[in-house]
Amino acid sequence: MLIIRPICQSDFAALRYIAEASGHGFTSLPVNDEVLAAKIRRAEVSFNKSVSKPYDESYLFVMEDTDSGEVVGTCGIEGAVGMEDAFYHYRIGTEVYHSAQIGVRNEVETLTLCHDYTGAAELCTLFLRKDYRKSTNGRLLSRCRFLFLAQHPSRFSDTVIAEMRGVSDGAGNSPFYGWLQQHFLGIDFIEADYLSGLGQKAFMAEMMPRSPVYLCLLPEAAQRVIGEVHTNTRPALSLLQAEGFRCRGYVDIFDGGPTVECNLQEIRAVRDSRLLTVTVGAMAESGDKYIVANTQVADFRATALSLNLTAESNQVTLSPQLAQALRVQSGQQVRILPI
């Protein structure tokens, strides 16, 4: 059985393995023991904290295979980004040049460094081990976060974003970053990405171009990947687009990958999820598959179950084993979402 739960200190080794396996461009999990341990501590504090307004909380979940006891994936949500560390993006804009005298009009796209998403909630740190990328496991891991958002909206900003990994090769080279390295930063993509993951971002303010960058002046290889995603990220982007997330013209400052956004209450899974009252007993014959989550914070649990429900159902029967796994009792509620 696969269960989603909050991360804890005993998951450190598994988190380090995931950081190594995720590869270049997975900024949220740098391969650094001190940083990874701090991420776990920060998540534990956040899950146990009383929150009425989001600030800098971090909710990091793991997917555990209860049969083997192994952690096989992670996913996370940031309550409000950029409150402690600067949160940079490039905003794609347009400048218009027109001369009636010579009868010429040109529109030129630009990239401008900005902090426009400061304070937004962020979906992040989604990774599933290759041997578990089957059936509906990926959907469970990604979409369980929407049940948490739906149940605890006061912990998050109204705007929810997700940064999509941009194009890079197997060695970690980014076509978009090449020009930036050559003319401004002077360090390679892997090092810049790693420093960003550590939270050491002072070099960005010191070395990034302060004026708008004209896209037409970039190398063609860099222009082609602006707003494009890494091959491994396409399924995650498709899932978010199906939930209502859209790119509003913001891209990553290192690899040019798109950032997508949606209002929390307009996320399809948030709207479509519903609360049911639990009865513990013998379950009916299996039916459609749902993501089922309890309504807790520090004791959050979610899994995928086959349930025989109708649109009018306001109750659900769970076996004693499933109720125990989800840490619910008769009379308590669970939030469900069709897979």
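How many aromatic pairs does the structure hold? The structure holds 15, where rings of Phe, Tyr and Trp (its six-membered ring) pair if their centres lie within 6.5 Å, with planes under 30 degrees apart counted as stacked, over 60 as edge-to-face and the rest as tilted. The model is predicted, so local features need pLDDT of at least 70, side-chain atom pairs count only at pLDDT 80 or more, and totals for chains, interfaces and linings use all residues. Residues are numbered from 1 along each chain as its sequence is written, and side-chain values use heavy atoms, without hydrogens and water.

One of the pairs joins F61 and F148 edge-to-face, at 5.3 Å centre to centre and 75° between the planes. F61 lies in strand β2 (residues 58-65) and F148 in helix α3 (residues 137-151), so the pair ties together parts 87 residues apart in sequence. Helices (H or I, at least four residues) and strands (E, at least two) are DSSP runs, numbered from the N terminus. F148 is buried, at 0% relative accessibility. Buried means under 20% relative accessible area, exposed over 50%, and partly exposed in between (1.4 Å probe, protein chains only).

F61 also has 0% relative accessibility and counts as buried. The ring centres of F61 and F300 are 5.4 Å apart and their planes stand at 65°, so this pair is edge-to-face. F300 sits in the loop between β12 (288-294) and β13, 239 residues from F61. Ring pairs link F47, Y59, F61, F148, F156 and F300 into a cluster.

T303 is placed in strand β13 (residues 302-307). T303 is buried, at 2% relative accessibility.
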